[in-house]
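Thanks, everyone. I will take the overall fold and then one residue. Please have a look at the model.

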Amino acid sequence: QLQLVESGGGLVQPGGSLNLSCAASGFTLDKYAIGWFRQAPGKEREGVSCISSDGGRTDYADSVKGRFTISRDNANNTVHLEMNSLKPEDTAVYYCAAFFASFGSLVVTPTLNPAEYDDWGRGTQVTVSS
């Protein structure tokens, strides 16, 4: 059974940094695209960043470009989201999600559309506040 577990959330002051991790079990990540999403109270879930199965393609929401960096460590079955210069509006529950995205030599380019993703973690809370 595919399982994704997020970690690394917490309380941080504005301008601070956090490094979220998404660990996979029950499958190997190297053929899956991974996305990070977030949902604040009363708001819809929004895409934050995504990375292709081979790590060669990434995308970011405009609101986090230049502040967040997504990376993957397929050897350790983990994807990271480094978050810098955090703002109060970054406060949300952060989720990682996956979909199968490697077919022989074809690598699917992921997007920030949550409907593309089949498997989801339970989320980790990020709170940015002074």
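Among contacts between residues at least 6 apart in sequence, 62% join residues at least 24 apart, contact meaning heavy atoms within 4.5 Å. This is a predicted model, where local features need pLDDT of at least 70 and side-chain atom pairs count only at pLDDT 80 or more, while totals for chains, interfaces and linings use all residues. Residues are numbered from 1 along each chain as its sequence is written, and side-chain values use heavy atoms, with hydrogens and water left out.

The protein has 13 strands and zero helices; strands are DSSP runs of E, at least two residues, and helices runs of H or I, at least four, numbered from the N terminus. Of its 130 residues, 44% count as buried, that is, under 20% relative accessible area with a 1.4 Å probe, protein chains only.

On overall dimensions, the C-alpha trace spans about 50 × 30 × 25 Å along its principal axes.

Now the residue. Where does Ser49 sit? Ser49 lies in strand E5, residues 46-51. Is Ser49 buried or exposed? Ser49 is buried, at a relative accessible area of 0%. Its side chain reaches the backbone oxygen of Asp59 at 3.0 Å; a polar contact is a pair of N or O atoms within 3.5 Å, and within protein one must be able to donate a hydrogen and the other to accept it, with residues adjacent in sequence counting only if both atoms are side-chain atoms. Setting aside neighbours within four places in sequence, Ser49 is in contact with Ile34, Gly35, Trp36, Asp59, Tyr60, Ile70, Leu81 and Leu112.

Key. Buried means under 20% relative accessible area, exposed over 50%, partly exposed in between (1.4 Å probe, protein chains only).
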